[in-house]
Amino acid sequence: MAATSPPLPSSFQNQKTIVSNFSATKPFSIFLNDKKSSRFRCRFENQPSNWSVEFLSGTESVHLIQNSPPSMSMAAAASASDSAVKTVKKVCLFYCAETKPLAERIAAQSDAIELRSINWRTFEDGFPNLFIPNAHGIRGQNVAFLASFSSPAVIFEQLSVIYALPKLFISSFTLVLPFFPTGTSERMEDEGDVATAFTLARILSHIPTSRGGPTSLVTFDIHALQERFYFGDNILPCFESGIPLLKNRLQKLPDSDNITIAFPDDGAWKRFHKQLQHFPTIVCNKVRIGDQRIVRIKEGDAAGRHVVIVDDLVQSGGTLIECQRVLAVNGAAKISAYVTHGIFPKKSWQRFEHDNGGIPWTYNVAF
């Protein structure tokens, strides 16, 4: 039972300074185990350290006792640590032959990523003979596949794996396809044209759902944003961009205050100008004169500037070279180029070797 104001023995009163130091800021109560006993025990409530005072008849001292429950800070730290462990998303990352170096670099950045391989074999007739080792081991796991549709020859074998993985009772499935290869074939200009961008989008839209729901598709700088509407409801496309990497690079250049961004055509301007609106810009356009296609500056000033040409992809590089020439004629001090996807069929990248004739051009084109 609790007593609010019992008479205190003299020895307890002699130690009232100890009590007052606590009771001045925190309430306390006295509990009597036995009315006939001279033994008192006081507990100071709301004390984080859980202190108590004990007086025993026949002694002249008051014992100040600290109980030892688990430390609040240690408990909180342990709880936070457990929570962090629970929230870390473990990912089993599969890859094809072309993306193996990239997958290894990604896995090196996080202990939460576990690399998983696939046996890419073929039968004698050339058709794929594929095998996913330890398929039971990925049940209930978050799975991702790093794909590369660099040529029609490799698309079928990768699609076979992409369709198989979600059926292995995995928790979720993410397809990372950095380059959407048919993005430039997104429209019909003449009757009979086939929009292969729509065809590939339909194929990817029919990837089987995993236990966690539809597949997530991550791709970078797709050629036309309207292509997001080519995908069906069974896939969740996420369109990322490499432009933040470019901006970070430009900020580190010694002439970062003299940068001007050039777009080779109106399409590139529509695609990227909002992400680069803090830089002065130049917009070029293509004009056909007879059988020739000439690039001209539509708006903007290149004189004395370090001009960086920005586009989503480059094939043979003809457009970039024409832009470089017209920018040099208009007084650009230095010319660089950035594209997210460098295709360069038939080693066309060799066209970008340094021009010893004095025309301003960088040694390296950033991709």
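Where does Lys346 lie? Lys346 sits in the segment after E18, with helices (H or I, at least four residues) and strands (E, at least two) being DSSP runs numbered from the N terminus. The model is predicted, so local features need pLDDT of at least 70 and side-chain atom pairs count only at pLDDT 80 or more, while totals for chains, interfaces and linings use all residues. Residues are numbered from 1 along each chain as its sequence is written, and side-chain values use heavy atoms, with hydrogens and water left out.

**Around Lys346**

- Lys346 is exposed, with a relative accessible area of 85%; here buried means under 20%, exposed over 50%, and partly exposed in between (1.4 Å probe, protein chains only).

**Salt bridges**

- There are 5 salt bridges in the structure, each being a side-chain nitrogen of Lys or Arg within 4 Å of a carboxyl oxygen of Asp or Glu.
- As background, side chains of opposite charge can pair when their charged atoms come close.
- One of them joins Asp221 to Arg271, with the closest N and O atoms 3.7 Å apart. This pair links distant parts of the chain, 50 residues apart: Asp221 is in the loop between strand E12 (215-220) and strand E13 (235-240), and Arg271 is in helix H8 (residues 266-272).
- Both partners are tucked away: Asp221 is buried at 2% relative accessibility, and Arg271 is buried at 13%.
- Helix H8 turns up again in the pair Lys298 and Asp266, whose side chains meet in a salt bridge at 3.3 Å, N to O. Lys298 belongs to strand E16 (residues 292-299), and the two residues are 32 apart, so this pair too links distant parts of the chain.
- Lys298 is partly exposed at 46% relative accessibility, and Asp266 is partly exposed at 31%.
- Glu322 and Arg325 make another salt bridge, 3.2 Å from N to O. They are 3 residues apart in helix H9 (residues 318-329), so about one helical turn separates them.
- Glu322 is partly exposed, with 29% relative accessible area, and Arg325 is partly exposed at 46%.

**The largest pocket**

- The largest pocket has a volume of about 1,200 Å³.
- How is a pocket picked out? On a 1 Å grid over the protein atoms alone, it is an open set of points where a 1.4 Å probe fits, with protein on both sides within 12 Å along at least five of seven lines, and lining residues have an atom within 4 Å of a point.
- The volume is the space filled by probe spheres set on the points, which are joined across faces, edges and corners.
- The lining counts 42 residues, and Leu102, Pro178, Phe179, Thr340 and His341 lie nearest the centre.
- Several elements each supply at least two lining residues, among them helix H4 (100-107), helix H5 (152-164), helix H6 (196-205) and strand E18 (334-342).
- By type, the lining divides into 26 nonpolar, 13 polar and 3 charged residues; Ala, Val, Leu, Ile, Met, Phe, Trp, Tyr, Cys and Pro count as nonpolar, Asp, Glu, Lys and Arg as charged, and the others, Gly among them, as polar.

**Phenylalanines at the surface and in the interior**

- Phe123, Phe127 and Phe156 make a nonpolar surface patch of about 360 Å². Patches take residues with over 30% relative accessible area and no salt bridge, joining nonpolar side chains (Val, Leu, Ile, Met, Phe, Trp, Tyr) within 5 Å and like charges within 9 Å; areas come from the Shrake-Rupley method with a 1.4 Å probe, and for residues only the protein chains shown count as cover.
- Phe123 is found in the loop between strand E8 (119-122) and strand E9 (128-131), and is partly exposed at 47% relative accessibility.
- Phe231 is in the loop between E12 and E13 and counts as buried at 9% relative accessibility. The C-alpha atoms of Phe231 and Leu204 are separated by 7.7 Å, and the two are 27 residues apart along the chain.
- Phe149 is placed in the loop between E10 and H5, and is buried at 3% relative accessibility. From Phe149 to Leu177, 28 residues apart along the chain, the C-alpha separation is 7.7 Å.

**Positive phi angles**

- Asn134, in the loop between E9 and E10, has a positive phi of about 50° although it is not a glycine.
- Phe169 has a positive phi near 60° and is likewise a residue other than glycine; Phe169 lies in the loop between H5 and strand E11 (172-176).
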